[in-house]
Amino acid sequence: MLIVILPDGSRREFDDGVSAYDVAAGISGGLARAAIAAEVDGELRDLHATLVADAGKTAGTSPAAREVSVRLITKKDPEALGIMRHSAAHVMAQAVMRLHKGVGLAFGPTTATGFYYDFQLDKPLSEEDFPAIEAEMAKIVAADERFERMIVPRAKALEMCRELGQKLKVEHIETGLAGEETLSFYRQGEFLDLCRGKHIPS
């Protein structure tokens, strides 16, 4: 059993394996629709990720119970903008890859004023390309596809990036992520990218 402690100090009991979305839905349907992510024991998490309680915390009600602090994040919270911008960067990359062949993906972080993605293309993008990219992004957003996270062993991550033809990602795994035993990817629709996250649900 999992005891979820909410910011107001209230406590709710759930079965193991629940997600922050399940917690939100247990409070109200409106909150489940509004939530985009969660802070779990001080760590930002995807809304649909399984809650993992700190094994060192044991509730007094039952020796088998575990406690976890959860704060649900909606668009009103300061962390929300960064998460939405990060997701928008993935949508932009997906749009560019639909419109251009042989796109190499580098990095797609957020900034203080927005987001960007570094691409390797035979012909550099210009402002003339922006309307088509924005239109394709609008189609992707309208499709409302879910951001799905997967964690894979390092060797599998290298294999996946090689199969995708993403040489820059292979280089990053071999250098910048050399010490990581497992790596995470996010998929939305046909688009798959090596990424730490976090992302909005869809």
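## Disulfides and cysteines

A disulfide is counted where two cysteine sulfur atoms lie within 2.5 Å of each other. Under this criterion, the predicted model contains 0 disulfides. Cys-161 takes part in none, and the nearest cysteine sulfur, which belongs to Cys-195, is 12 Å away. Seen from the other residue, the sulfur of Cys-195 has that of Cys-161 as its closest cysteine sulfur, and the 12 Å between them is too far for a bond.

Both cysteines can also be described by their accessibility. Cys-161 counts as buried because its relative accessibility is 1%. Cys-195 is likewise buried, since its relative accessible area is 9%.

## The sheet β8-β9-β10

An open sheet is built from 3 strands in the order β8-β9-β10, with antiparallel pairing. Its edges are formed by β8, residues 148-153, and β10, residues 191-194, each of which pairs on one side only. On average, neighbouring strands of the sheet are turned by 25 degrees against each other when direction is ignored.

Strand β9 covers residues 182-188 and is joined to β8 by 6 bridges, the two strands running antiparallel. Within this part of the sheet, Pro-153 stands opposite Thr-182 of β9.

## Helix α5 on the sheet

Helix α5, residues 154-163, packs on this sheet and touches β8, β9 and β10. The direction of α5 makes about 115 degrees with that of β8.

How values were computed:
Residues numbered from 1 in each chain as written. Predicted model: local features only at pLDDT ≥ 70, side-chain atom pairs only at ≥ 80, totals over all residues. Heavy atoms only, no water. Buried < 20%, exposed > 50% of the residue type's maximum accessible area, 1.4 Å probe, protein only. Pairing = 2+ DSSP bridges. Helix = DSSP H or I, 4+ residues; strand = E, 2+ residues; numbered from the N terminus. Axes fitted to C-alpha atoms, helices over the stretch in contact; angles between N-to-C directions. Contact = heavy atoms within 4.5 Å.
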